[in-house]
Amino acid sequence: MQKAIKQYPTHSRTQLRQLIQKEYGLLYKYDKKWLMDTLPANEKRKYQGHKLWPRRDKELLPQLKGFIRLAFHDNKGVPSQYEIDQALGGHSWFNRAQDKLPICSRFYRRITKKFSH
């Protein structure tokens with residue numbers, strides 16, 4: 001462990017753990033106190049900034065339109081929100097953050113209202 005810390009002085013705890021998994025596991029199991037004292041201090045979490053939802057909303061709209069167009073072309077009807085979310089990358093943005101994607105949500109509501117009788 002000390003050799004790895006000297007060789008990679010800028011690595012975080014997680015990066016060191018990934019480099020020497022077996023040794024880390026043994027130390028964690030048998031001498032956790034020494035391991036925690038020896039490892040570099042935890043880094044302060046960094047603020048990543050707010051997510052750029054308006055930009056994401058505008059970027060996802062053409063993809064959403066294309067996916068819905070394909071669904072109608074294949075005579076599948078209006079796709080569910082889950083299907084749309086999976087088609088847009090499976091990030092759960094469309095399911096969990098509809099209020100943050102107002103343009104896409106508005107378009108989807110109009111389509112479902114128009115074609116769901």
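The axes of H5 and H8 come within 8 Å and cross at roughly 20 degrees (axes are lines fitted to C-alpha atoms over the stretch in contact, with angles from 0 to 180 degrees between N-to-C directions). Angles under 35 degrees count as roughly parallel, and H5 and H8 are therefore roughly parallel to each other. Helices here are DSSP runs of H or I with at least four residues, numbered from the N terminus. The model is predicted, with pLDDT of at least 70 needed for local features and 80 or more for side-chain atom pairs, while totals for chains, interfaces and linings use all residues. Residues are numbered from 1 along each chain as its sequence is written, and side-chain values use heavy atoms, without hydrogens and water.

On the H5 side, the contact (heavy atoms within 4.5 Å) includes Leu-61, Leu-64, Lys-65 and Ile-68.

Among the 14 residues of the largest nonpolar core, Leu-64, Ile-68, Ile-84, Phe-94, Cys-104 and Phe-107 touch the most other members. Such a core joins buried Ala, Val, Leu, Ile, Met, Phe, Trp, Tyr and Cys residues through side-chain atoms within 4.5 Å. H5 (53-73) and H8 are the elements that give two or more residues to this core, and H5 supplies the largest share, 5 residues.

Ser-105 also sits in H8, which covers residues 102-115. Ser-105 counts as buried because its relative accessibility is 4%, where buried means under 20% relative accessible area with a 1.4 Å probe, protein chains only. A polar atom of the Ser-105 side chain lies 2.9 Å from the backbone oxygen of Leu-101. Not counting residues up to four places away in sequence, Ser-105 touches Phe-94 and Gln-98.

Notes: Buried means under 20% relative accessible area, exposed over 50%, partly exposed in between (1.4 Å probe, protein chains only). A polar contact is a pair of N or O atoms within 3.5 Å; within protein, one must be able to donate a hydrogen and the other to accept it, and residues adjacent in sequence count only if both atoms are side-chain atoms. Angles under 35 degrees count as roughly parallel, over 145 as roughly antiparallel, 65 to 115 as roughly perpendicular and the rest as oblique.
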